[in-house]
Each structure stands twice: as C-alpha cells, then as structure tokens.
Amino acid sequence: MLLEAFKIIKENNGYIDVVVNSAGILDDTPESYEMAININATSLITSSLHAWNIMHKEKDGLGGTIINFSSVAAISKLLYVPVYSATKSAVLKFSTSLGDNIHYSKSGVRVITMCFGVTDTPIIRNTAKVFDKSLTAQSLDKFKLQSPKSAAKAVIEAYKQGASGSVWISTSDKPAFNITNVHNKSIELFNDYVYN
C-alpha cells in the first residue's frame, strides 16, 4: 500500500520533492512491540529508501527532501518506553547516516531528522501501552506539553533551514532548534574512544 501510494503520486505529478515520514505508535507491551518496531522503524526506513531512490539525481530524479520524525526518546533516557526509545533511536541513526553529505552530494536528496518532545497528540494518552506503568506519571511530569501547532512550525523551520543530515529538536512550544553540532560532537567523542 505504501509503495503503491508513491507510484500513484509520481504518476500524477511526474515527480516527488518532499516526503514526511511521521507515522508512529507507542506500544511497548510484550504482545505488540513488534508492531511498534514495524511502524516506527521498518516502515519509515522503507518509505525513506523508496523516496530516496525516486528523487536520486543519478537515478533520473530531481533531488528533494525527506523529513523523518524521531523523538527526544532518541536523545534522552526514558526508562518507561524502551521499545519506543529504540525505534526512535533507529530513526535518528538511519536518517543522519542517509543524510550525510557523502550520500547527499550524489543523490541531491536532503534528509532531516526532527526530534519531538511530548506533544499533545493521541500517542501520549496511550499510557496503558508503556513498558513500566509505575514510571510513566513521574517521567511525563518532567516535560512541558507542546501543541501540534508548535511541532508543525518546527518542521517548516527545519525544512527551510536544515542541511542534509541535520538534527532538530522541537519541545515545550519553543522554536525549532538545530542540535546537529551537539549530536555530531557526541559521535566524535565515541569515535575517538572506538578508533583510537
């Protein structure tokens, strides 16, 4: 169904220039965690790679932009949602790798990652599906709830200003903030430990 949607849009418009991968669920229960992995990580990767191939300048594409929705769960410690955190970490790592200049210079496809804080959407009311319910209330109290409107403004700002491989945060109704340098610095620290 997903790939069919790409086909129809390309046939009707002749090209695709922007893809926003925003699907996500929070379900860390033992019965459903595989579905969460499939929706949050596998389907996002599938969509991104398909869009990347369609837009790729060396494959008769015109270039374009992919914006992938991650979460503050990928960059902070949220103990009550380990599966959700893992999927959003996968989104972050996949997107920054695919968006690296080594790929962008050939493809012309910019990949941007948005890390959202707790946003007032149905996903945060799904507290029955967390891994450890005893930690949920105290953990959510740490965050200021942001409006979907603030999140949408952040996506537009990242689209206007973001370089390929950039990482942005949108939380607590604050303006979008580019955290690429902080993210890259953490990678450099680990690289130094791994390779030296």
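Me: Which is Val-72, buried or exposed?

Reply: Val-72 is buried, because its relative accessibility is 8% (buried means under 20% relative accessible area, exposed over 50%, partly exposed in between, with a 1.4 Å probe and protein chains only). This is a predicted model, where local features need pLDDT of at least 70, side-chain atom pairs count only at pLDDT 80 or more, and totals for chains, interfaces and linings use all residues. Residues are numbered from 1 along each chain as its sequence is written, and side-chain values use heavy atoms, with hydrogens and water left out.

Me: Where does Val-72 sit?

Reply: Val-72 is in the loop between β2 (64–71) and α3. Helices (H or I, at least four residues) and strands (E, at least two) are DSSP runs, numbered from the N terminus.

Me: Okay, zooming out. How many helices and strands does the protein have?

Reply: There are seven helices and five strands. Starting at the N terminus, the elements go α-β-α-β-α-α-β-α-α-β-β-α.

Me: And what share of the residues is buried?

Reply: Of the protein's 196 residues, 43% count as buried.

Me: Let's talk pockets. What is the volume of the second largest pocket?

Reply: The second largest pocket comes to about 160 Å³. A pocket is an open set of points on a 1 Å grid where a 1.4 Å probe fits, with protein on both sides within 12 Å along at least five of seven lines; the volume is the space filled by probe spheres on points joined across faces, edges and corners.

Me: Which residues line the second largest pocket?

Reply: Its lining (residues with an atom within 4 Å of a point) is made by Lys-93, Thr-96, Ser-97, Asp-100, Gly-165, Thr-180, His-183, Asn-184 and Ile-187. The elements that give two or more residues to this lining are α3 (82–98) and α7 (180–195).

Me: Which element gives the most to that lining?

Reply: That would be α7, with four residues.

Me: How does the lining of the second largest pocket split by class?

Reply: There are six polar residues, two charged and one nonpolar in that lining. Asp, Glu, Lys and Arg count as charged, Ala, Val, Leu, Ile, Met, Phe, Trp, Tyr, Cys and Pro as nonpolar, and the others, Gly among them, as polar.

Me: Switching to backbone angles. What is phi of Ser-172?

Reply: Phi of Ser-172 is near 55°, a positive value in a residue other than glycine. Ser-172 belongs to the loop between β4 (167–170) and β5 (177–178).

Me: What about phi of Asp-173?

Reply: Asp-173 has a positive phi too, about 60°, although it is not a glycine. Asp-173 also lies in the loop between β4 and β5.

Me: Why does Ser-172 count as buried, and why does Asp-173 count as partly exposed?

Reply: Ser-172 is buried because its relative accessibility is 16%, whereas Asp-173 counts as partly exposed because it reaches 34%.

Me: Last one: where is Val-20 found?

Reply: Val-20 is in strand β1 (residues 18–21), and at 40% relative accessibility Val-20 counts as partly exposed.
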